[in-house]
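I am opening a notebook on a structure that is new to me. I will look things up piece by piece and write down what I find.

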Amino acid sequence: METLLKVKDYKVYYQTLKGHVKAIDGVDFFVRSREVLGIAGESGCGKSTLSNSLINIKAPMIYEGGEVYFDGVDITKLDVNKMRTLRYTKMSIIPQYAMDAMSPTKKIKRIIFDLVREHDRKIAEEEIISIARGRFKEVGLVEYVLNKYPVELSGGMKQRVVMVISTLMNPKLLIADEITSALDVSSQKFTIEMLEEFMDKGYVDSVIFITHDLSVLYQIADRIMIMYAGNVAEIGTTEEIIKSPLHPYTKMLVESLPKMDVQYKKKKLKGIPGHPPNLLNYPSEGCRFYERCPVKINPQKCKLQKPPLFEVKPGRYVACWAYAEGEKGE
Ligand SMILES: Nc1ncnc2c1ncn2[C@@H]1O[C@H](COP(=O)(O)OP(=O)(O)OP(=O)(O)O)[C@@H](O)[C@H]1O
Ligand SMILES: [Mg+2]
């Protein structure tokens with residue numbers, strides 16, 4: 001299948017008075033056309049930094065290196081104007097907390113109009129509102145929502161509005177950052193179904209779906225990428241990641257998931273001991289999971305050398321020295 005996005009050795013830091021927070025420190029992955037790539041990992045592992053930076057790098061974020069090919073073009077080299085056109089019309093994002101970030105003083109139709117106009121100066125207001133009206137209908141939102149203020153809408157409705165707005169120009173890639181996290185289970189289900197419908201109808205080609213909730217990814221993702229402290233830990237199909245995780249971190253993450261057949265009162269959830277490292281001025285060498293890792297297959301190497309992503313079988317990647325040729329059984 002065709003590759004829509006290819007990210008190579010990508011680094012994005014935050015500039016602070018105390019130094020650099022190495023939030024994304026050399027990640028490699030790709031997104032195919034017509035697929036949903038799920039990204040999961042603990043709070044602070046860099047999911048939002050990665051997604052926001054792909055759309056727009058702004059202070060205190062700094063680009064530190066690497067390539068991001070979108071439709072064959074390295075967008076890290078594009079000028080501000082080209083990037084502005086690409087953003088929203090070709091690659092769009094629903095940022096984390098987007099539904100609470102909508103301007104409280106603007107009606108929904110004004111929010112839509114301003115956003116579209118920022119990226120496409122030629123399109124007429126009539127046309128924008130007419131597309132929005134059609135999409136609203138499809139997702140079960142009555143037209144008068146266009147004349148409402150965000151505060152007048154329920155959480156589920158706001159999320160639907162945000163999804164319509166972010167896909168109005170039929171972007172090739174949609175990045176959805178924690179769009180189900182603040183919703184109840186039935187709104188979560190509705191949101192996922194809506195996203196699938198948008199893909200079926202061709203309103204979006206590919207989706208990067210970010211959540212800390214692996215059980216949500218099990219429902220929607222074709223493949224999953226697990227991140228740990230600004231690095232990629234593992235990539236595989238959803239089935240592979242959930243049923244046969246390879247990286248010690250993913251194994252612990254999957255074990256900490258509540259299982260349907262477990263009686264909670266009898267068995268406490270495991271959780272993962274320890275904390276992720278503080279990424280301020282953190283060394284780029286060595287494995288970032290080292291301190292918490294129960295395996296440490298080759299302690300000296302694990303501590304000092306960053307494990308690359310080993311392709312253990314086609315399309316299955318693990319950043320752990322335990323999967324290096326000749327390392328097992330040493
Ligand atoms: N503006 C900022 N300045 C400095 N450091 C930041 C800034 N924003 C985020 N960070 C740091 O960057 C790292 C990655 O944060 P990010 O928000 O990308 O994580 P996340 O995986 O999205 O977490 P969550 O699951 O809580 O949404 C964290 O260590 C965080 O403290
Ligand atoms: Mg986040």
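**Entry 1**

I began with an open sheet of four strands, whose order is 2-1-4-5 and whose pairing is antiparallel. I noted that its edges are strand 2 (19-32) and strand 5 (73-74), each of which pairs on one side only. Since I am reading a predicted model, I keep in mind that these are computed features.

Next I looked at how strand 1 (residues 3-16) meets strand 4 (residues 61-70), and I found that the two run antiparallel and are joined by eight bridges. As one example of who faces whom, I wrote down that Tyr 13 stands opposite Ile 62 in strand 4. I then saw that helix 1 (residues 47-55) packs on this sheet, where it touches strand 1, strand 2 and strand 4, and that its direction makes about 75 degrees with that of strand 2.

How many of the residues of helix 1 are buried? I found seven of its nine to be buried, so that I can call the helix mostly covered; they are Lys 47, Ser 48, Thr 49, Leu 50, Ser 51, Ser 53 and Leu 54.

I turned to the ligand and saw that 15 residues surround ligand 1, the closest being Tyr 14, Ser 43, Lys 47, Ser 48 and Thr 49. At least two residues of this shell come from each of strand 1, strand 2 and helix 1, and helix 1 gives the largest share, three residues. Sorted by class, the shell around ligand 1 holds six nonpolar, eight polar and one charged residues.

Is strand 9 (residues 223-228) enclosed or open? I found that six of its six residues are buried, and therefore I record strand 9 as largely enclosed by the rest of the structure. In a regular strand the side chains alternate between the two faces of the sheet, and I checked both faces here. Arg 223, Met 225 and Met 227 are buried on one side of strand 9, and Ile 224, Ile 226 and Tyr 228 are buried on the other.

I also looked up the pairing of strand 9, which is joined to strand 3 (residues 36-40) by four bridges in the parallel sense, and to strand 10 (residues 231-237) by six bridges in the antiparallel sense.

**Entry 1: two loop residues**

I picked Asp 184, which lies in the loop between strand 7 (173-177) and helix 7 (185-200). Asp 184 counts as exposed because it has 11 other C-beta atoms within 10 Å, where 12 or fewer is the cut-off. Its C-alpha is 44 Å from that of Leu 304, which is 120 residues away in sequence.

Gly 202 is in the loop between helix 7 and strand 8 (206-210), and it is exposed as well, with 9 other C-beta atoms within 10 Å. Between the C-alpha atoms of Gly 202 and Pro 171, which are 31 residues apart along the chain, I noted 9.3 Å.

**Entry 2: confidence**

Finally I checked the pLDDT, which averages 91 over the chain, with 95% of the residues scoring at least 70. Over residues 262-267 it is below 50, and beyond near neighbours in sequence this stretch has one contact in the model. Where pLDDT is low, the predicted coordinates should not be read in detail.

Conventions. Residues numbered from 1 in each chain as written. Chains lettered and ligands numbered in written order. Predicted model: local features only at pLDDT ≥ 70, side-chain atom pairs only at ≥ 80, totals over all residues. Pairing = 2+ DSSP bridges. Contact = placed C-beta atoms within 7 Å. Axes fitted to C-alpha atoms, helices over the stretch in contact; angles between N-to-C directions. Buried ≥ 20, exposed ≤ 12 C-beta atoms within 10 Å, placed from the backbone. Near = placed C-beta within 6 Å. Nonpolar A, V, L, I, M, F, W, Y, C, P; charged D, E, K, R; others polar. pLDDT = per-residue confidence, 0-100.
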